[in-house]
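User: Here's a structure I'd like to go through with you. I'll ask what the labels rest on, and you show me the cut-offs.

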Amino acid sequence: MTKRGIVFILSVLCMLTAVGQRIDVGSAADISPYIFGHNLEHTRAAVNGGLSAQMLKNRKFAGKPSKNRGVAAHWTGIGEKVLFMMDGRDRYTRHVFLNNMRRSNELSSQVVANLTSGQTAGLAQGELMLKGGKEYEMRVITKVSAPVTLNVTLTDRTGRKVYASKALHLTKSDDWAIDAFEMTPSADDSDAQVRFSFSEKAEVIFGALSMMPKENFHGMRTDVVEQLKAIGPRLLRWPGGNFAGEYRWKDGLLPADQRGPLQAATEIETQPYTDGFDYHEINTDDFIALCREVGAEPMMTINLAWCTPKESAEWVEYCNGDENTEYGRKRAERGHKEPYDVRFWSLGNEMGYGHMEGPKGPEGYADMAEKHADEMKKVSPDIEFVSSGPYPNDNWAANSAARLAGKVENISLHTYNGPAAWNCANLHYTTPEDTKATYEAVAKSADDVVRHAQNMRASLDKTGKKLHISFDEWNQWYAWYRPSCVAEGIYTARVMHFFINQSNELDIPFVCYFQPVGEGAILIDREKSWLTANGQMFKLMRVHQDGKVCKVSDNDDNTVAATIKDGIMTITLINSSYDTEKDFNIPVKGKIIESKLFAADDVTPYSYFNETEIDASMVKKSLKATLPPHSVGLVRIKLK
């Protein structure tokens with residue numbers, strides 16, 4: 001060994017022999033950027049009412065009409081002697097093709113027949129948030145039985161005070177008329193109404209209606225897109241999750257207003273805030289644009305049960321084919337000449353549990369998944385697949401994962417943890433004792449993620465095949481039905497430390513949190529969006545992206561994560577204790593260039609971290625820091 005090599009080893013040993021956790025600088029290794037991933041699933045108002053800029057509910061008139069009145073859900077009929085009907089035959093929305101995946105009441109129009117000349121008839125929807133001086137894009141798709149002047153007005157909740165109006169002169173035609181225009185209200189109103197009305201004795205059929213701020217990103221809210229940027233996803237899995245079993249990718253080739261609503265098959269839980277329907281506001285082109293805007297790689301999930309292998313291959317061709325292919329040419333004709341180069345594809349979601357349509361057993365699933373994979377690979381040989389199934393499960397690993405190993409080397413793993421698992425009633429905060437017990441159960445449930453990953457690794461290793469884990473859903477159970485809090489922020493920080501520290505050892509190249517928008521990380525109301533305590537931790541943990549991870553001794557609880565990039569060591573520290581301070585003494589040579597503390601006095605629902613300075617210093621070539629209870633610290637050190 002050279003003299004220079006001996007000096008280097010001695011210097012490292014000097015750095016790492018002090019008391020406390022030790023960082024092995026020599027072990028620095030690359031980690032997959034895709035462990036900083038998230039799901040973007042069209043469920044529980046994550047898109048409709050969340051990411052989408054669309055302001056109108058049930059704008060395509062899905063579902064059943066109201067009792068006796070005949071008006072679609074979320075709409076109010078205007079007029080006394082007016083006949084309202086929902087028509088499933090003369091409709092504007094549609095699916096590109098029909099297969100065996102038939103759902104009820106997805107496609108219909110809203111008929112308004114004014115039976116008395118001079119009477120005002122029409123539709124209205126309230127509870128709108130208007131900003132005075134802000135421009136809104138409007139679209140009205142109609143058919144009429146006679147010439148009609150359709151008045152579109154933005155009003156107060158009573159309909160008497162008018163903020164903006166537009167008169168559309170409609171003529172009789174067998175074709176649908178599409179009127180697009182802008183409206184600018186004269187004042188703010190947090191409980192406004194939009195009204196579509198006429199006074200002629202005529203029948204107006206509404207095919208679809210649309211209203212959104214002119215300032216939007218591919219039909220998405222710009223503020224929510226900015227929040228996604230803040231948490232820094234490097235991978236986005238889409239369109240599901242469970243929603244993959246409802247999704248029809250070719251419908252995305254239609255204009256947004258014409259895409260048929262998509263109904264949940266077996267669980268209205270997946271879309272409870274949109275009456276069991278998704279309105280297909282975001283298509284493949286929009287999703288790819290979003291990925292590029294936030295810096296994420298796309299991971300697509302196919303509809304394994306209802307799409308044929310040919311249709312799945314055509315989706316790959318649309319994404320990756322050049323202009324000489326049928327679907328590559330369709331993409332280019334839509335304004336996207338260059339291929340999207342989507343590399344990662346999930347072969348269905350959670351097959352084998354019983355709640356998804358399709359094969360339930362490992363052998364049947366493997367048969368179907370292999371057919372799809374073969375056809376998709378013919379189109380784009382470089383794509384990589386993720387297979388599905390119950391997890392961890394030795395039978396599924398042996399009879400599905402191992403069988404597919406030559407073609408599918410990534411195996412999906414999902415888990416939902418915490419005291420709220422299957423029962424939100426297990427969360428208690430009404431006494432100090434209850435609050436402490438709930439906090440500790442939530443924070444400690446990060447250990448369940450670790451055990452789940454270790455058990456999955458053991459199941460896959462038994463097959464003797466080289467199989468990677470795609471941990472593409474994790475969260476606290478029922479995070480979508482209750483407010484977030486600092487306790488869950490600590491859980492999220494601990495889980496992210498585990499993936500940073502051990503994803504290489506357990507061979508986990510993909511990780512996706514379920515799901516940031518409207519649920520665990522980003523909360524949204526009609527006017528604004530903001531990060532939860534979970535979101536704050538995702539935003540913090542992105543400091544480790546693109547760094548080389550160092551092994552940390554005495555770190556079984558993953559309280560420390562350390563990465564190196566460009567001569568700077570980034571260290572994040574977690575004190576998950578409910579009521580005790582924690583001292584850190586970590587040998588390292590260098591100068592502190594940044595330090596932050598994320599702490600809170602409260603851990604109950606609706607709590608957030610406050611960002612302050614951490615109590616940290618360099619003493620005798622060691623980083624010394626003290627963290628208060630339930631807090632997370634960041635220290636960045638310029639190494640000598």
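User: What makes strand 24 and strand 25 a pair?

Analyst: Two strands pair if DSSP finds at least two bridges between them, and strand 24 (residues 548-552) and strand 25 have three, in the antiparallel sense. Cysteine 550, for instance, stands opposite alanine 562 of strand 25. Strands here are DSSP runs of E with at least two residues, helices are runs of H or I with at least four, and both are numbered from the N terminus. Keep in mind that this is a predicted model, where local features need pLDDT of at least 70, side-chain atom pairs count only at pLDDT 80 or more, and totals for chains, interfaces and linings use all residues. Residues are numbered from 1 along each chain as its sequence is written, and side-chain values use heavy atoms, with hydrogens and water left out.

User: And what joins strand 25 to strand 26?

Analyst: Six bridges, again antiparallel, with strand 26 covering residues 568-575.

User: Why is strand 25 called largely enclosed?

Analyst: Buried means under 20% relative accessible area, exposed over 50%, partly exposed in between (1.4 Å probe, protein chains only). Five of the six residues in strand 25 (residues 560-565) are buried, so the rest of the structure largely encloses the strand.

User: How do you know that glycine 406 is exposed?

Analyst: Its relative accessibility is 74%, so glycine 406 counts as exposed. Glycine 406 sits in the loop between helix 8 (394-404) and strand 19 (410-417).

User: Why is the pair of tryptophan 480 and phenylalanine 514 called edge-to-face?

Analyst: Rings of Phe, Tyr and Trp (its six-membered ring) pair if their centres lie within 6.5 Å; planes under 30 degrees apart are stacked, over 60 edge-to-face, the rest tilted. The structure holds 35 such aromatic pairs. The rings of tryptophan 249 and tyrosine 327 have centres 5.8 Å apart and planes at 65°, so that pair is edge-to-face. For tryptophan 480 and phenylalanine 514 the centres are 6.0 Å apart and the planes at 80°, so this pair is edge-to-face too. Tryptophan 480 is buried at 8%, and phenylalanine 514 is buried at 3%.

User: What makes arginine 44 count as sitting over the ring of tryptophan 480?

Analyst: The test is NZ of Lys or CZ of Arg within 6 Å of the ring centre and within 35 degrees of the ring normal. The charged end of arginine 44 sits over that ring, 4.1 Å from its centre.
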